[in-house]
Amino acid sequence: MILEVCANSLESAINAEKAGATRIELCAELGVGGVTPSYGLIKAVLNAVNIPVHILIRPRSGDFTYSNSEFEVMKQDIALCVQLGCAGIVTGVLLKNFLLDEERTQILINEAKTLQFTFHRAFDWLKNPEEAFLTLQSMGVNYVLSSGQKASALLGIPLLSKLNKKGSTCVIMPGGGLRVDNIVNFKNEGFKALHMSGTIFCKTLDEDVPLPMISNSFLVENQIATSSVEVIKQVVALLNNS
């Protein structure tokens, strides 16, 4: 059975290998569902571990529909992963009506060349998961990461098991809330791959921070923050007004 560990740092990746994980999904900012890690982090992890490393390709938090410029960034990030010799990528694109964006997903599959391709938990927003899974399988996707469209994969086992039986070339990989006290449930269901972070929280400062730097207004999944031409023009005009 494959155990993929979602690692958010060099230390996490090294710990995953030490603990016996099969492979790593490398990302940044787990608190928002993950975004693409930096070039420096990718290089450092590839140099430090011997197990396969798959890279999350997600240019921002929020939804899974992307502008043309964001999509170009995703393609460039995949090209970098190919160049660096990563084992796989983890990504996916939806339409605004929560259906699979087949065209753009296929482009990303093609860009990945021989790298393994995991369609990530955008799958859990799809209106037609069974149909979409068969489509992804026919497109050449190797893994689908999913919580079974529930708040945790444990609650999503009914859908996950149903999809698992439909898989031939594409593997259903349960992820979301997998822990020591529930992992045997997934083993007993016969899944071939499992995904978890296995994180603990370590205190870094002895005192409370003097001022919070996290802005909840940025953490809205049906909105994205974009610098406004109009707002900045107004400020520039005020600054230039003598």
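The model is predicted. Its largest nonpolar core has 53 residues, and five residues form a nonpolar patch on the surface: Val231, Ile232, Val235, Val236 and Leu239.

**Ser147**

- Ser147 sits in a loop that runs between strand β6 (143-146) and helix α6 (157-166).
- With a relative accessible area of 0%, Ser147 is buried, because buried means under 20%.
- A polar atom of the Ser147 side chain lies 2.7 Å from the backbone oxygen of Lys150.
- Beyond its neighbours within four places in sequence, Ser147 is in contact with Arg121, Asp124, Ser152, Ala153, Gly156, Leu160 and Gly175.

**Nonpolar cores**

- In soluble globular proteins, nonpolar side chains tend to be buried together.
- Within the largest core, of 53 residues, Leu26, Phe119, Phe123 and Val144 have the most contacts.
- Another core lies apart from the largest one and has six residues, including Ile2, Val171, Met173 and Ala193.
- Phe123, leaving aside neighbours within four places in sequence, is in contact with Pro129, Ala132, Phe133, Leu136, Val144, Leu145, Ser146, Gln149 and Leu163.

**Surface patch**

- Together, Val231, Ile232, Val235, Val236 and Leu239 have about 460 Å² of accessible area in the surface patch.
- One of these patch residues, Val235, lies in helix α8, which spans residues 229-240.

Definitions and conventions: Residues are numbered from 1 along each chain as its sequence is written. This is a predicted model: local features need pLDDT of at least 70, side-chain atom pairs count only at pLDDT 80 or more; totals for chains, interfaces and linings use all residues. Side-chain values use heavy atoms; hydrogens and water are left out. Helices (H or I, at least four residues) and strands (E, at least two) are DSSP runs, numbered from the N terminus. Buried means under 20% relative accessible area, exposed over 50%, partly exposed in between (1.4 Å probe, protein chains only). A polar contact is a pair of N or O atoms within 3.5 Å; within protein, one must be able to donate a hydrogen and the other to accept it, and residues adjacent in sequence count only if both atoms are side-chain atoms. Contact means heavy atoms within 4.5 Å. A nonpolar core is a set of buried Ala, Val, Leu, Ile, Met, Phe, Trp, Tyr and Cys residues joined through side-chain atoms within 4.5 Å. Patches are made of residues with over 30% relative accessible area and no salt bridge: like charges are joined within 9 Å, nonpolar side chains (Val, Leu, Ile, Met, Phe, Trp, Tyr) within 5 Å. Accessible areas come from the Shrake-Rupley method with a 1.4 Å probe; for residues, only the protein chains shown count as cover. A salt bridge is a side-chain nitrogen of Lys or Arg within 4 Å of a carboxyl oxygen of Asp or Glu.
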